[in-house]
Amino acid sequence: MMDQIEEGYVVIPESVLKRSAKALEEVGEPDNNFRNMLNIAEEYRKAELTPVIAYNFDTGMMICIVKELYGKKLH
């Protein structure tokens, strides 16, 4: 897997998201964006797809894309 999806985006390992979600849960934030992103990734896995989570440090945007469909034009 490439380190950058598009200009400005960096792939974030799920292990980092899990640690971040756990840290926020421990301080009383059980419903956090890291947990939400992990839940989205799990939904893709249930559909037998490969989720890829990327973060843009300039905009602060975190996205979850599907490896099998990345770069393909869908109608």
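Tutor: The protein exposes about 5,500 Å², an accessible area from the Shrake-Rupley method with a 1.4 Å probe, where for residues only the protein chains shown count as cover. Carbon and sulfur atoms supply 53% of that area. The model is predicted: local features need pLDDT of at least 70, side-chain atom pairs count only at pLDDT 80 or more, and totals for chains, interfaces and linings use all residues. Residues are numbered from 1 along each chain as its sequence is written, and side-chain values use heavy atoms, with hydrogens and water left out.

Along the sequence the pattern is β-α-α-β-β, with helices (H or I, at least four residues) and strands (E, at least two) taken as DSSP runs numbered from the N terminus. The strand to look at is β2, residues 51-56. Five of its six residues are buried, so β2 is largely enclosed by the rest of the structure. Buried means under 20% relative accessible area, exposed over 50%, and partly exposed in between (1.4 Å probe, protein chains only). Of the 75 residues of the protein, 23% count as buried.

Strand β2 pairs with β1 (residues 9-11) in the antiparallel sense, over three bridges; two strands pair if DSSP finds at least two bridges between them. Here Tyr 55 of β2 is the bridge partner of Val 10. Strand β3 (residues 61-66) also runs antiparallel to β2, joined by six bridges, and Ile 65 in β3 stands opposite Val 52.
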